[in-house]
Amino acid sequence: MSRIGKQPITIPAKVKVEVKGQKVHVEGPKGKLDWELPGRTTVKVEGTTVLVSRKGEDAQARALHGLSRALLNNMVKGVSDGFVKKLEINGVGFKAAVAGKNITMNLGYSHPINYSIPDQIKVTVDENTKITIEGPDKQLVGKVASELRSYYPPEPYKGKGVKYSDEKIVRKEGKTVQ
């Protein structure tokens with residue numbers, strides 16, 4: 001039996017979980033999420049808990065069992081608490097600004113970088129260099145953070161670039177004069 005898959009998911013007070021066939025709809029104070037279950041798994045809502053079970057004992061069914069439970073748990077956490085990723089911009093003249101549903105970053109290129117923010121994601125910028133990405137969908141929050149970081153990943157010599165706030169950059173020593 002899957003260690004992850006057999007654990008019940010507790011539903012917080014303000015969250016509603018609905019299951020219609022293979023479709024799961026989770027709604028809470030932070031937003032709404034929909035997901036379609038894999039064919040080898042089933043979900044039952046019993047009071048304030050959600051139980052995930054599987055059909056079959058082969059490797060694929062066991063793998064999908066744990067995966068389904070983990071994704072459902074992330075959906076419930078996301079609509080109740082939300083997920084947050086923080087980015088930092090390091091470099092002289094590097095900055096970011098949010099205007100409506102777009103974020104504009106000046107990262108030392110000849111042009112500013114414009115990125116349109118997806119619907120359920122909220123992006124805020126503090127002090128022109130600290131970006132906070134919030135939303136109910138863990139995968140989408142991580143994807144937005146990854147795409148913003150990819151425009152100028154941190155380089156190891158001066159540490160310039162866009163990095164996660166908890167990321168450690170391994171610094172390298174530059175060339176030495178002989």
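Mentor: A pocket here is an open set of grid points with protein on both sides within 12 Å along at least five of seven lines. Keep in mind that this is a predicted model.

Trainee: Fine. How much space lies in the largest pocket?

Mentor: About 180 Å³.

Trainee: And which elements give two or more residues to its lining?

Mentor: Those are β4 (31-36), α1 (59-80) and α2 (138-150). The lining includes Leu 33, Asp 34 and Trp 35, along with Leu 71, Asn 74 and Met 75. Phe 83 and Pro 136 are also among the lining residues.

Trainee: What's the lining like by class?

Mentor: Six nonpolar, two polar and three charged residues.

Trainee: Switching topic. Val 43: buried or exposed?

Mentor: Val 43 has a relative accessible area of 11%, so it counts as buried, the cut-off being under 20%. It lies in strand β5 (residues 41-46).

Trainee: What is Val 43 in contact with, leaving aside neighbours within four places in sequence?

Mentor: Val 19, Leu 37, Val 50, Leu 51, Val 52 and Leu 72. As for Glu 18, 25 residues away along the chain, its C-alpha atom is 9.8 Å from that of Val 43.

Trainee: Now the open sheet of three strands. What's the order?

Mentor: β8-β9-β10, with antiparallel pairing. β8 (95-99) and β10 (113-116) are the edge strands, each pairing on one side only. On average, neighbouring strands of this sheet are turned by 20° against each other, direction ignored.

Trainee: How many bridges between β9 and β10?

Mentor: Four, in the antiparallel sense.

Technical notes
Residues numbered from 1 in each chain as written. Predicted model: local features only at pLDDT ≥ 70, side-chain atom pairs only at ≥ 80, totals over all residues. Heavy atoms only, no water. 1 Å grid on protein atoms, 1.4 Å probe; cavity = no way out; pocket = protein on both sides within 12 Å on 5 of 7 lines; lining within 4 Å. Points joined across faces, edges and corners; volume = space filled by probe spheres on them. Nonpolar A, V, L, I, M, F, W, Y, C, P; charged D, E, K, R; others polar. Buried < 20%, exposed > 50% of the residue type's maximum accessible area, 1.4 Å probe, protein only. Contact = heavy atoms within 4.5 Å. Pairing = 2+ DSSP bridges. Axes fitted to C-alpha atoms, helices over the stretch in contact; angles between N-to-C directions.
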